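Please look through the sequence and the model below before reading on.

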Amino acid sequence: MADNDVLPWKMTVPHPAPASLADQIEDLLPQTQCTKCGYNGCRPYAEAIAAGSADINQCPPGGAQGIVRLAGLLGKKVIPLNPVNGLERPRSVAYIDESLCIGCTLCIQACPVDAIVGAAKQMHTVVTSLCTGCDLCVAPCPVDCIVMYPVSGDATGWDAWSQMDADDARARHDFRTQRLRREAEANDARLAAKAVAKMQEVTQEVPVTPDELAEKERKRAIIAAAMERARAKAAAASTDTAPPAPTTPKKDA
């Protein structure tokens with residue numbers, strides 16, 4: 001046998017890292033990303049619970065059953081849902097009155113799971129099978145053409161939602177987050193390249209008068225300041241590991 005041959009039973013298979021407490025908590029949340037808990041999504045709420053800065057009763061979509069799930073994981077007492085965060089209600093989905101829609105795209109930007117399709121100045125519509133009922137699209141609409149329709153009868157909480165629904169919503173939310181990050185990075189790179197090209201163009205200018213020299217230096221200073229802001233922004237984004245701060249709880253519409 002050659003020295004570089006490796007027997008299958010001698011191969012070292014890396015073991016996956018154990019799930020953190022925040023990971024385990026997030027697995028029990030409904031992934032509606034509604035922000036009613038007071039945090040900007042299910043993951044930040046899970047991290048806050050794990051850190052001890054949020055309680056287990058702040059998720060209206062999960063309802064009483066969700067609190068039981070979290071209490072079982074954390075060994076805590078089951079407590080009532082905090083009414084500050086909203087009430088446990090039947091599941092709803094968004095509906096857009098297409099005759100009133102002006103195509104502003106604000107609802108598309110607000111949807112955390114890419115459940116709304118459309119384009120600027122064109123009619124939008126909701127893919128109801130993808131809608132989590134977060135109602136985040138309602139408030140931004142400038143023409144009030146979005147309403148929430150209950151679709152689960154009297155069923156609420158996890159009786160109106162399944163683990164498969166939650167897993168699918170989480171995957172779509174994660175994909176959207178990654179897509180937005182890629183788009184932002186691509187835009188930043190485009191602007192940075194544009195700034196470099198502009199700096200080279202200004203540097204190559206040959207001023208003749210003192211006024212032209214002053215104008216050249218003014219342009220260089222403006223471009224340099226913009227480039228420095230971009231570098232600082234990139235550095236902050238790469239080192240920002242602080243836990244997300246809570247937001248104002250998003251109550252049921």
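A residue is called buried when its relative accessible area is under 20%, exposed when that area is over 50%, and partly exposed in between, with a 1.4 Å probe and protein chains only. Glu47, with a relative accessible area of 28%, is therefore partly exposed. Of the 253 residues of the protein, 32% count as buried.

This is a predicted model, in which local features need pLDDT of at least 70 and side-chain atom pairs count only at pLDDT 80 or more, while totals for chains, interfaces and linings use all residues. Residues are numbered from 1 along each chain as its sequence is written, and side-chain values use heavy atoms, with hydrogens and water left out.

Next come the helices and strands. These are DSSP runs, numbered from the N terminus: helices are H or I with at least four residues, and strands are E with at least two. The protein has six helices and four strands. Along the sequence, their order is α-α-α-β-α-β-β-β-α-α. A contact means heavy atoms within 4.5 Å. Among the contacts in the protein with a separation of 6 or more, 63% come from residues 24 or more positions apart.

The buried residues of α2 are Cys42, Pro44, Tyr45, Ala46, Ala48 and Ile49. Those buried residues pack against α1 and α3 (63-74). After α2 comes Gly52, which has a positive phi, near 85 degrees.

Where do the nonpolar side chains go? In soluble globular proteins, nonpolar side chains tend to be buried together. A nonpolar core is a set of buried Ala, Val, Leu, Ile, Met, Phe, Trp, Tyr and Cys residues joined through side-chain atoms within 4.5 Å. The largest such core in this model has 19 residues, and Ile96, Ile116 and Ile146 have the most contacts inside it. Two or more residues of this core come from each of β1 (92-96) and α5 (163-203). The most are given by β1, with three residues. Leaving aside residues up to four places away in sequence, Ile96 touches Cys101, Cys107, Ile116, His124, Thr125, Val126, Cys145 and Ile146. Another core, of 17 residues, lies apart from the largest one, and Tyr45, Ala48, Cys59 and Ile67 are among its residues.

Charged side chains are the next topic. Side chains of opposite charge can pair when their charged atoms come close. In a salt bridge, a side-chain nitrogen of Lys or Arg is within 4 Å of a carboxyl oxygen of Asp or Glu. By this rule there are 13 salt bridges. One of them joins Arg43 and Asp23, at 2.6 Å from N to O. Arg43 is in helix α2 (residues 42-51) and Asp23 is in helix α1 (residues 21-27), so this pair ties together parts that are 20 residues apart in sequence. Arg43 is partly exposed, at 26% relative accessibility, and Asp23 is partly exposed as well, at 25%.

Arg43 also meets Glu47 in a salt bridge, at 3.1 Å from N to O. Both Arg43 and Glu47 lie in helix α2, four residues apart, which is about one turn of the helix. A network of salt bridges links Asp23, Glu26, Asp27, Arg43, Glu47 and Arg170.

A further salt bridge joins Arg218 and Glu215, whose closest N and O atoms are 2.7 Å apart. Arg218 and Glu215 both lie in helix α6 (residues 210-239), three residues apart, about one turn of the helix. Arg218 is partly exposed at 44% relative accessibility, and Glu215 is partly exposed at 31%.

How many disulfides are there? A disulfide is a pair of cysteine sulfur atoms within 2.5 Å, and by this rule the count is zero. The sulfur of Cys34 is 6.1 Å from the closest cysteine sulfur, in Cys59, which is too far for a bond. Cys34 is buried, with a relative accessible area of 6%. Cys145 is in no disulfide either, and its nearest cysteine sulfur, that of Cys141, is 3.6 Å away. Cys145 is buried, with a relative accessible area of 6%.

Last, a charge may sit over a ring, which requires NZ of Lys or CZ of Arg within 6 Å of the ring centre and within 35 degrees of the ring normal. Arg69 lies over the face of Trp158, at 3.9 Å from the ring centre. Arg182 lies over the face of Phe175, at 6.0 Å from the ring centre.
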